[in-house]
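Me: I'd like to go through this structure with you, and I'll ask things as they come up.
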Amino acid sequence: MGLVQWLKGQFLCQLIICYGFLVSGLLVNLLQICTLPLWPINKQLARRINCKLGYSLTSQSVALLEWWSGTEVTFYTDPADYQFYGKENAIIVLNHNFEIDFLCGWAFCDRFGVLGIHHILSRCLLLKTHWRRTSNGRDLGNCPPIPLKASKCLAKKELSYLPVIGWMWYFLEMVFIKRKWEEDKRSFVQSLQNLRDYPENFWFLLHCEGTRFTEEKHQISMEVAEKKGLPKLKHHLLPRTKGFWVAVQNLRGTVAAVYCCTLNFRNNETPTLLGVINGKKYHPDLYIRRIPLESVPEDEAECSSWLHKLYQEKDQFQEDYSHTGYFPGPIVTPLRGPWALINWIGWTCLLLYPLYLLLVQLVLSGSILTILATVAFCSAATERYGSVCR
Ligand SMILES: CCCCC/C=C\C/C=C\CCCCCCCC(=O)SCCNC(=O)CCNC(=O)[C@H](O)C(C)(C)COP(=O)(O)OP(=O)(O)OC[C@H]1O[C@@H](n2cnc3c(N)ncnc32)[C@H](O)[C@@H]1OP(=O)(O)O
Ligand SMILES: CCCCCCCCCCCCCCCCCC(=O)OC[C@@H](O)COP(=O)(O)O
């Protein structure tokens with residue numbers, strides 16, 4: 001094991017990472033609260049500022065995934081669809097099987113400038129997005145500049161109470177639901193309508209399965225499928241169709257397409273957030289299909305059937321993947337920008353400085369007892385943490 005890999009496994013390094021994330025997160029939350037007086041005066045400016053503040057936090061977890069754990073998502077898509085990514089509003093339909101699916105989603109957003117950073121900065125560094133057809137190594141050219149974007153999602157209400165991330169999402173106008181239609185319908189429609197004049201273009205993520213896949217949930221949902229006379233799915237839960245239909249209806253004219261996204265991991269990996277923090281490298285594959293919104297039916301029943309059919313197709317992709325280890329379509333490789341890393345290093349340096357001062361003060365205090373107690377605490381915590389991770 002190399003020194004770098006050893007360092008990644010050390011509790012102290014991980015503690016510093018979590019400290020940086022939490023403290024910078026709370027500072028971001030505080031700055032977001034400071035934008036409150038701006039909302040009634042200049043709502044669009046307040047939204048833009050919040051979008052950037054959101055990037056400053058969210059991109060840290062992308063940096064953790066891509067730079068710290070070395071995990072890179074491999075994207076499969078039709079080259080004809082690729083030219084649209086990052087240049088239009090879209091509804092994203094993604095399977096919900098993995099603990100770190102949201103991290104892979106953010107990495108996808110970041111590669112296409114949809115996490116909230118302005119493309120002009122990237123252009124200054126001549127970081128144009130490249131893509132290659134790896135099947136035969138033929139270079140298919142450069143992607144045109146990416147306009148400013150934002151990522152949104154439909155999430156369960158409980159997540160809005162989550163310190164740091166949940167509070168940030170509140171200011172980013174994420175759509176929260178209690179998953180009880182009668183209670184949700186008014187606020188759900190209102191939140192979607194609010195997005196119609198959002199000043200940045202956005203991708204709106206919807207996990208139609210409504211919950212993360214488990215064998216038990218799968219069994220229950222396949223009983224529902226049987227009762228409804230629908231074909232059984234092997235790799236997905238039966239999609240809940242109401243939320244999708246309402247989203248499509250309310251975002252018609254605002255959103256150009258549905259991106260059908262199917263995520264899986266090579267070698268039956270079961271990735272965890274703790275694994276990522278431990279510096280473990282995973283191998284996610286993401287297949288993206290662009291479907292113009294006009295081809296989604298307006299009528300609720302037809303739209304439901306359409307979504308069920310989409311999930312049957314997604315299920316087939318997963319089945320094929322389980323045999324071949326590949327999704328259809330060529331692999332595209334948008335270049336990894338430096339901003340997530342720069343932002344992360346910036347925050348870490350800023351927030352380590354007070355810790356450094358504390359350490360100096362500890363040493364200068366000359367109290368052997370305090371120093372020994374601190375060392376003993378750190379060693380015990382490292383040992384305990386190591387045994388949890390093993
Ligand atoms: C890769 C690209 C990524 C891009 C990333 C972009 C942005 C990223 C930003 C952030 C990332 C963060 C990620 C956060 C993730 C958050 C995860 C979540 O919180 S998921 C949970 C919330 N989401 C949902 O619930 C959406 C799906 N649900 C719905 O849409 C529902 O319809 C509803 C709106 C919640 C309403 O539900 P309700 O149950 O009240 O009504 P329904 O009409 O839907 O249901 C009744 C209907 O369902 C049938 N039924 C009963 N049991 C089941 C079952 N087990 N499975 C399926 N169906 C079932 C029942 O028979 C009724 O049927 P019918 O109407 O025909 O009688
Ligand atoms: C650089 C710093 C790194 C520190 C760590 C960074 C990690 C950031 C952690 C943020 C956590 C945010 C989690 C949001 C996504 C949660 C997805 C989720 O909650 O899915 C479950 C739901 O679908 C359904 O749940 P149930 O139906 O079981 O009820």
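**Talking through the model**

Reply: Before anything else, please keep in mind that this is a predicted model, and that the chain in it has 15 helices and 10 strands.

Me: How much of the chain counts as buried?
Reply: Of its 390 residues, 35% count as buried.

Me: And among contacts between residues at least 6 apart in sequence, what share join residues at least 24 apart?
Reply: Among those contacts in the chain, 79% join residues that are at least 24 apart.

Me: Switching to ligand 1, how many residues surround it, and which are the closest?
Reply: Ligand 1 is surrounded by 33 residues, and the closest of them are Gly105, Trp181, Gly210, Lys242 and Gly243.

Me: Which element gives the most to that shell around ligand 1?
Reply: Strand S5, which runs over residues 149–156, gives the most, with five residues. Other elements that supply at least two residues each include strand S2 (90–94), helix H6 (101–111) and helix H9 (181–194).

Me: What classes of residue are in the shell around ligand 1?
Reply: The shell around ligand 1 holds 21 nonpolar residues, together with six polar and six charged ones.

Me: What about ligand 2, which residues are closest there?
Reply: Phe21, Gln60, Ser61, Leu64 and Thr211 are the closest of the 14 residues that surround ligand 2. Helix H2 and helix H4 (43–68) each supply at least two residues of this shell, and by class the shell divides into seven nonpolar, five polar and two charged residues.

Me: You mentioned H2, so at what angle do the axes of H2 and H14 cross?
Reply: The axes of helix H2 (residues 11–34) and helix H14 (residues 339–365) cross at roughly 95°, and they come within 10 Å. That makes H2 roughly perpendicular to H14.

Me: Which residues meet there?
Reply: From H2, the residues are Ile16, Tyr19, Gly20, Val23 and Ser24, and they meet Trp347, Thr348, Leu351 and Leu352 in H14. By class, this contact of H2 with H14 has six nonpolar and three polar residues, with no charged ones.

Me: Last topic, where does UniProt put the annotation "transmembrane region"?
Reply: The annotation, which comes from an unreviewed UniProt entry, covers residues 12–39 and 362–382. In the model, residues 12–39 are 89% helix and 0% strand, with the end C-alpha atoms 40 Å apart, while residues 362–382 are 90% helix and 0% strand, with the end C-alpha atoms 20 Å apart.

Note on methods: Residues numbered from 1 in each chain as written. Chains lettered and ligands numbered in written order. Predicted model: local features only at pLDDT ≥ 70, side-chain atom pairs only at ≥ 80, totals over all residues. Near = placed C-beta within 6 Å. Helix = DSSP H or I, 4+ residues; strand = E, 2+ residues; numbered from the N terminus. Nonpolar A, V, L, I, M, F, W, Y, C, P; charged D, E, K, R; others polar. Buried ≥ 20, exposed ≤ 12 C-beta atoms within 10 Å, placed from the backbone. Contact = placed C-beta atoms within 7 Å. UniProt positions renumbered as here; feature names shortened; annotations may be inferred. Axes fitted to C-alpha atoms, helices over the stretch in contact; angles between N-to-C directions. Parallel < 35°, antiparallel > 145°, perpendicular 65-115°, else oblique.
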